[in-house]
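Thanks for coming. Please have a look at it before I start.

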Amino acid sequence: MSHHYLQFDRVGYCYPGGREALHGVSLRITHGEKVALVGANGTGKSTLLLLAAGLLLPTEGEVSVGGIGLTPRTLPIVRQTVGLVFQNPDHQLFMPTVEEDVAFGPANMGLTPEEIEARVTAALESVGALHLRKESPCRLSGGQKRSAAIATVLAMEPSVLVLDEPTSDLDPRARWQTLELLKRFSHTMLVATHDMEMARELCPRMIVLRDGEIAADGAAETLFRDTDLLDDCGLEPPCRMR
Ligand SMILES: Nc1ncnc2c1ncn2[C@@H]1O[C@H](COP(=O)(O)OP(=O)(O)O)[C@@H](O)[C@H]1O
Ligand SMILES: [Mg+2]
């Protein structure tokens with residue numbers, strides 16, 4: 001049995017020279033769970049994801065992944081365990097071709113050319129983008145870019161997938177395709193989103209942030225019926241529940 005899970009114990013984060021973006025955040029996500037992270041703009045969603053992926057170190061409290069506490073020494077292993085898909089795919093795609101972008105992570109892990117090729121093929125196949133491997137990322141549509149960005153992360157074979165607003169800026173068809181893609185994954189997932197339909201379809205559990213703190217954590221179906229909570233946190237229920 002795998003023990004990979006994400007744990008935050010009273011985590012706070014202050015940007016250098018800034019105000020506190022997260023305060024007293026405690027949560028635990030167990031293997032195989034899919035969790036939506038929702039909240040108005042500026043409530044700390046992206047900061048929480050950066051901490052989960054080991055791209056920031058907490059200024060208070062402790063983050064651990066698979067039982068390993070996040071410290072400067074453990075950052076490399078945590079970064080391999082947790083794969084972060086950035087909100088803007090242009091931050092993840094910078095090579096001349098899609099396949100080079102997807103190969104970049106595995107190559108840095110010191111894998112052999114055969115292993116790298118196997119990873120690239122598997123990752124692109126799993127997002128339905130194998131036919132795009134020779135394309136230049138800058139020529140892809142919004143939805144194709146999103147798929148390619150997800151493939152760059154999958155090629156690292158992370159145990160936990162963390163996605164920052166994966167459907168923002170997508171047209172309805174690309175949004176639907178991304179949602180269907182994510183629904184097929186069996187990964188442990190933490191998804192920051194404003195897309196309440198997606199939260200509802202993809203994630204049985206939802207964590208609501210308000211001013212850098214957890215306002216609620218529970219079954220999405222239940223929280224979506226709590227109109228006082230949603231009002232208070234500046235959220236709208238999914239269309240079909242209005
Ligand atoms: N690089 C940064 N430097 C200083 N403050 C930041 C930085 N990034 C985010 N913040 C601040 O931290 C808070 C939380 O931001 P963020 O995590 O991006 O929220 P969300 O993703 O929910 O919109 C906001 O007040 C934001 O202005
Ligand atoms: Mg954000």
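How many bridges pair strand 4 and strand 5 (residues 68-69), and in which sense, parallel or antiparallel? Two bridges, in the antiparallel sense. Before going on, the conventions. This is a predicted model, where local features need pLDDT of at least 70, side-chain atom pairs count only at pLDDT 80 or more, and totals for chains, interfaces and linings use all residues. Residues are numbered from 1 along each chain as its sequence is written, chains are lettered from A and ligands numbered from 1 in the order in which they are written, and side-chain values use heavy atoms, with hydrogens and water left out.

Two strands pair if DSSP finds at least two bridges between them.

Back to strand 4 and strand 5. They form a hairpin with two residues between them, and G66 in the turn has a positive phi of about 55°. V65 has I68 of strand 5 as its bridge partner.

V65 is also the partner, in strand 4, of L6, and S64 of strand 4 is the partner of Q7. Those belong to the pairing of strand 1 with strand 4 (residues 60-65), antiparallel over five bridges. Strand 1 (residues 6-14) is also joined by six bridges to strand 2 (residues 20-29), again running antiparallel. There, L6 is bridged to I29. The hairpin of strand 1 and strand 2 has five residues between the strands, and G17 takes a positive phi near 70°.

L209 has I214 as its bridge partner in strand 10.

Now the helices. Two packed helices are described by the angle between their axes and the distance between the axes. Axes are lines fitted to C-alpha atoms, for helices over the stretch in contact, and angles run from 0 to 180 degrees between N-to-C directions.

Helix 3 (residues 98-108) packs with helix 5 (residues 142-154) at about 30°, the axes being 7 Å apart. The two are therefore roughly parallel; the classes are under 35 degrees for roughly parallel, over 145 for roughly antiparallel, 65 to 115 for roughly perpendicular, and oblique for the rest. V98, D101 and V102 of helix 3 make the contact with A148, A151 and T152 of helix 5, where contact means heavy atoms within 4.5 Å.

With helix 4 (residues 113-126), the axis of helix 3 comes within 9 Å and crosses at roughly 125°. That pair is therefore oblique. On the helix 3 side the contact includes V98 and V102, and on the helix 4 side I116 and R119 are among the residues.

To finish, the whole chain. It has nine helices and ten strands. Its C-alpha trace spans about 50 × 45 × 40 Å along the principal axes. That is the model.

Note on methods:
Helix = DSSP H or I, 4+ residues; strand = E, 2+ residues; numbered from the N terminus.
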